[in-house]
Amino acid sequence: MAFQLSDQRSRVLWLPPPPGMVKINNDGSFLAGSGRAGLGVVFRSNSSDWVFGLSSFTTALDSLHAELLAFHLGLSCAWDRGHRAIICEMDSLETIQLINSGSHSPLSVIPDLIKSISSLMARRWKVEVHHIFREANAVADIIWLILV
């Protein structure tokens, strides 16, 4: 039996949120060996318009820590800017699983960060967290390079 490989590739696209919601794409990048991390957060409306974006350089223990810091930054900014119905998208499945499980990483600062994220998510607002492929998270993936 012979198999034929297809040259077709699936396209991974960013999709806007439903009306009344804002979509936040966030990403954390970690430079191994340096302890440096870049965080990128992008807010967009249901008409795909840019609402807000920010980036930051910080220190992190590893890539998971950087992803958690970016998620926390996005949640904090959303709350502070008055958004009460948000969809958060990120390309780190490990981060989402850690947040959903409530379990703790062996790294010392991560449990406090997860508690802070849990506290933010427990406020009176609607927060959905979705995993997406990196290709659909490209804006957040590079925003920290552009804005800093």
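Let me begin at one pairing: in strand β5, the bridge partner of alanine 85 is lysine 126, where strands, like helices, are DSSP runs numbered from the N terminus (E and at least two residues for strands, H or I and at least four for helices). Before I go further, please keep in mind that this is a predicted model, in which local features need pLDDT of at least 70 and side-chain atom pairs count only at pLDDT 80 or more, while totals for chains, interfaces and linings use all residues. Residues are numbered from 1 along each chain as its sequence is written, and side-chain values use heavy atoms, with hydrogens and water left out.

The pairing I opened with belongs to β4 and β5, which run parallel over 6 bridges; two strands are taken to pair if DSSP finds at least two bridges between them. These strands sit in an open sheet of 5 strands, with mixed pairing and the order β3-β2-β1-β4-β5. At its edges are β3, residues 50–59, and β5, residues 126–131, each of which pairs on one side only. From one strand to the next the twist averages 20°, with axes fitted as lines to C-alpha atoms, for helices over the stretch in contact, and angles running from 0 to 180 degrees between N-to-C directions.

Now to β1, residues 22–31, where 8 of the 10 residues are buried, meaning under 20% relative accessible area, against over 50% for exposed and in between for partly exposed, with a 1.4 Å probe and protein chains only. On one partner strand, β2 (residues 36–44), β1 pairs in the antiparallel sense over 9 bridges, and leucine 31 has arginine 36 as its bridge partner there. The hairpin of β1 and β2 has 4 residues between the strands, and in it glycine 33 takes a positive phi near 85°. With β4, residues 85–90, β1 runs parallel, joined by 4 bridges, and there lysine 23 is partnered by isoleucine 87.

Which residue forms a salt bridge with lysine 23? That is glutamate 89, the closest N and O atoms being 2.8 Å apart; a salt bridge here is a side-chain nitrogen of Lys or Arg within 4 Å of a carboxyl oxygen of Asp or Glu. Because lysine 23 lies in β1 and glutamate 89 in β4, the pair ties together parts that are 66 residues apart in sequence. Lysine 23 is buried, at 5% relative accessible area, and glutamate 89 is buried as well, at 6%. By this rule the count comes to 2 salt bridges, and glutamate 128 takes part in one with lysine 126, the closest N and O atoms being 3.4 Å apart. Here glutamate 128 is partly exposed at 25% relative accessibility, and lysine 126 is partly exposed at 43%.

Leucine 68, leaving aside residues up to four places away in sequence, touches Thr95, Leu98, Ile99, Ile110, Leu113, Ile114 and Ile117, contact being heavy atoms within 4.5 Å. As for α2, this helix lies across β4 and β5, running at about 140° to β5.
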